Amino acid sequence: MGFKNRDVISINDFSKQDLLHVLKVAKELEKKPNDGLLKGKIMAALFYEPSTRTRLSFITSMEQLGGRVIGFASGKVTSFTKGETLWDTMKMTENYADVIVVRHPLEGAARLAAEASSKPVINAGDGANQHPTQTMLDLYTIQKVKGKIDGLHIGMLGDLKYGRTVHSLTKALSHFNPTFYFIAPQALQMPKSYLEELDRLKIKYYVEENLFKVSDKLDVLYATRIQKERFADPIEYEKYKGVYRVDEIDRSLDNTEHAAYFQQAANGVHVRKALLALVLGKKE
Amino acid sequence: MTKELTVSAIEEGTVIDHIPSDSTFKVAEILKLESHGKIISVGANLPSKTMGTKGIVKVAGKSLTKEEVDKIAIIAPHATVNIIKNFEVIKKLRVSIPDSLHNTIKCSNPNCITNNEESDTEFYVISKDPLKIKCHYCERVMEKEDIRLL
């Protein structure tokens, strides 16, 4: 399936070939930055919910390719507060922009936004549901650090129950013959539906509470923070926040060869550049 | 003298048979029969060879829409729909759960955009038995006990 005018809403919409193609274009753009590729194009960044990394990464990507950016960084400063629907905002924005990036606190908002808009829509996070560009940059980082994606032993640590990046990455990696280790206290373990899907796909996985029991088996450890904003019940959050600190990873690791997390943030720009160029038809 | 309760046949309309007994009144609810002005017979806990007990709903002067049949299929997957003309069954069909459900179900996720902004609902059936459906918008997978009809 071609990428021109395609919406990027859910990782579930992308085949293994699609994902590898995005990574290939990201690698090309990392090696040879094409500064004027999106000259004359406008990206609308509609962020109804706070975001630092994702928003800055999208803006940087568009500007480095020569395009321009319009939009807002909080739902509080828009007609949203006056009761304008997402549908109407999209219908209005499609007249101003060539591509629209949306982050919204409600699940399914990006899909609805894409249905409203004739211009391609990229989901930058819809509530607890999907964040596909994050998953693609996670794949890109793994490929870059490990030299491959196929056949790796992947540990997922932290809030596996509510963590949308964990769910999406598990789904995406399922194309690449992985072995998973889900490391979390029982109450924050992977939802049953995801484990059932892995059973159906005959993918090997282990459910574990103690990281140190499996750490020597891992090629990659994917650690997530406990997200306060995803807990419906604040008491439940208080119960678990001590299990992993909000800064789960000690700073002493930052400058070692084992830390891929700052590189991960830089990779976000390459992957988002690739997606912008692909959906705008400037890369095949 | 034996006393027998008879439920009269209808001249024209629809008979929904083989409803699980405990879903009989839900079928009546789906068909919004409280405002229907013609003959309605509802039988529940009737003996059935295949089901133990079953329910039947007979409605004169009514044919079902696709949405109504889809909704019945969700709560009574083995129901049969008989179309009656001149006291005869002219067509008998078994309900079946379709592959997708449009404006039939309410998403169980309170944070789904469809529960917060006026929009259609759409679900994909990912398993018919046991029933599992997935919201087209928020991607939540719902099982039979989570399903609320619109």
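**A covered helix, a buried valine and a chain contact**

Helix α4 of chain A, which spans residues 109-116, is mostly covered, with seven of its eight residues buried. The model examined here is a predicted one. The buried residues of α4(A) are A:A109, A:A110, A:R111, A:L112, A:A113, A:A114 and A:A116. What do these buried residues pack against? Their partners in chain A are helix α3 (86-93) and the strands β3 (99-104) and β4 (121-126).

Is A:V271 buried or exposed? A:V271 counts as buried because its relative accessibility is 0%, and buried means under 20%. Leaving aside residues up to four places away in sequence, A:V271 touches A:V22, A:A26, A:T133, A:M136, A:L137 and A:Y140. A further residue, A:Q130, lies 141 residues from A:V271 along the chain, and the C-alpha atoms of the two are separated by 16 Å.

The reader may now turn to the contact between the two chains. Chain A contributes 17 residues to this contact and chain B contributes 14. Together the chains bury about 1,200 Å², of which 45% is on carbon and sulfur atoms. Between chain B and chain A there are 13 residue pairs in polar contact, both residues being at pLDDT 80 or more. On the side of chain B that touches chain A, four residues are nonpolar, five are polar and five are charged.

How many salt bridges are there between chain B and chain A? The count is two. One salt bridge joins A:E196 to B:K132, with the closest N and O atoms 2.9 Å apart.

Definitions and conventions:
Residues numbered from 1 in each chain as written. Chains lettered and ligands numbered in written order. Predicted model: local features only at pLDDT ≥ 70, side-chain atom pairs only at ≥ 80, totals over all residues. Heavy atoms only, no water. Contact = heavy atoms within 4.5 Å. Buried area = accessible area lost by both parts, 1.4 Å probe. Salt bridge = Lys/Arg side-chain N within 4 Å of Asp/Glu carboxyl O. Polar contact = N/O pair within 3.5 Å; in protein donor to acceptor, adjacent residues only side chain to side chain. Nonpolar A, V, L, I, M, F, W, Y, C, P; charged D, E, K, R; others polar. Buried < 20%, exposed > 50% of the residue type's maximum accessible area, 1.4 Å probe, protein only. Helix = DSSP H or I, 4+ residues; strand = E, 2+ residues; numbered from the N terminus.
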